[in-house]
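Try each task first, then follow the solution step by step.

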Amino acid sequence: MVWRKNLLVPLIALTLALSALAGGGAASASTPTDAVSAPSDLGAPGPYATAVEVGAVTTLYYPRDIARSDRRHPVIVWGNGTFAFPVVNRDLLLHWASQGFVVAAANTPQSNLGISMRAGIDLLTRRNADPDSIFRDRVDLGHIGASGHSQGGAAAIVVGADPRVDTILPIQPGPLADINDVRVPALLLAGQNDSVVFPFLVKAFYNAADHIPAIYGELRGADHITVVGDPGPFAAPTTAWFRAHLMGDRTAGAEFFGSGCGICADTTTWSDVRRNGLATRFASATP
């Protein structure tokens, strides 16, 4: 039955992507606001209503009223898994947008080289400077994170070598990347029951990342497609990581750093958590 699921996912993704092109932007049901404070539950929808813009190379997920926002919004660039499109992880990308991020998702189903992810940064740079764009002066290009799933997780590592990127969060990353080129903090996520990207493959990246603050987190009971559709246990920690590194949220940073490390004590969610020496001494920087 695995082959059938692998076939259906890209076909469904393509169909929904084409529907988005025909139907224009889509908005979430969350209430729009310009509140900056962190919600108490980062796994729940954030305070921003969201919209989607599908382009030829990049799909943007962003706070719907960004043109009227009183602040600049940090960026997350996203890489898809093999044969996948952004809509496969739409719920997670919209979740981040509801938390105040602008997400630039590469439309390619072969993202490993990171070319289309970098193109997303270039696109937002142009749109932020365009006086006719809703993004004019509303994008915080000084704070950019990179993430992705599977092949896209490897791409997030590749893009992590770009000097414009401030942190990476690869989710179950494939093996075709070199983390030695990365110079920013990394949260490497694995699934305990992942039989596609086995946890030991993610640990290999973690073990090689002794030159940067790096954390390995293994989600209890998660397989390779747990993050597809409803992101479930991936929503809160990924949001906390990006809030810590791109928004200067020290409360969110306490989930990963310091003696009270939240994920270190949460054995219900995590089957394995490891922090290297640089991570144990790291204090989440305020942007």
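**Exercise 1. The end of a helix**

Task: Find the residue just after α6 that takes a positive phi, then describe how covered α6 is.

Solution. Keep in mind that this is a predicted model.
- Step 1: Go back to the helix itself. α6 covers residues 235-246, which makes 12 residues. From first C-alpha to last it reaches 16 Å, close to the 16 Å expected at 1.5 Å a residue.
- Step 2: Check the cover. Of the 12 residues in α6, 11 are buried, so the helix counts as mostly covered. Among the buried ones are Trp241, Phe242, Arg243 and His245.

**Exercise 2. An enclosed strand and its neighbours**

Task: Explain why β6 is described as largely enclosed, and identify the strands that pair with β6.

Solution. 
- Step 1: β6 spans residues 167-171, and five of its five residues are buried, so the rest of the structure largely encloses this strand.
- Step 2: Sort the side chains by direction. Thr167, Leu169 and Ile171 point one way, while Ile168 and Pro170 point the other way.
- Step 3: β5 and β6 pair in the parallel sense over five bridges, and Gly145 stands opposite Thr167.
- Step 4: Turn to β7 (residues 186-191), which pairs with β6 in the parallel sense over two bridges. Here Ile168 stands opposite Ala186.
- Step 5: β5, helix α4 (residues 151-159) and β6 form a right-handed β-α-β unit.

**Exercise 3. The nonpolar cores**

Task: Name the residues that touch the most other members of the largest nonpolar core, and list the contacts of Val77.

Solution. 
- Step 1: The largest nonpolar core has 37 residues, and Val77, Met117, Ala146, Ile168 and Ile179 touch the most other members.
- Step 2: Leaving out residues up to four places away in sequence, Val77 touches Ala104, Met117, Ile121, Gly145, Ala146, Ser147 and Val159.
- Step 3: Another core, of 35 residues, lies apart from the largest one; its members include Leu94, Leu187, Val227 and Ala244.
- Step 4: In soluble globular proteins, nonpolar side chains tend to be buried together.

**Exercise 4. The disulfide**

Task: Locate the disulfide, give its handedness, and decide whether Cys261 and Cys264 are buried or partly exposed.

Solution. 
- Step 1: The structure holds one disulfide. Cys261 is joined to Cys264, with 2.1 Å from S to S.
- Step 2: The torsion about the S-S bond is about 80°, so the disulfide is right-handed.
- Step 3: Apply the cut-off for buried, which is under 20% relative accessible area. Cys261, at 4%, is buried, whereas Cys264, at 37%, is partly exposed.

Technical notes:
Residues are numbered from 1 along each chain as its sequence is written. This is a predicted model: local features need pLDDT of at least 70, side-chain atom pairs count only at pLDDT 80 or more; totals for chains, interfaces and linings use all residues. Side-chain values use heavy atoms; hydrogens and water are left out. A disulfide is a pair of cysteine sulfur atoms within 2.5 Å. Buried means under 20% relative accessible area, exposed over 50%, partly exposed in between (1.4 Å probe, protein chains only). A nonpolar core is a set of buried Ala, Val, Leu, Ile, Met, Phe, Trp, Tyr and Cys residues joined through side-chain atoms within 4.5 Å. Contact means heavy atoms within 4.5 Å. Helices (H or I, at least four residues) and strands (E, at least two) are DSSP runs, numbered from the N terminus. The expected span of a helix is 1.5 Å times one less than its number of residues. Two strands pair if DSSP finds at least two bridges between them. A crossover is right-handed if, with the strands pointing away from the viewer, the path from the first strand over the helix to the second runs clockwise.
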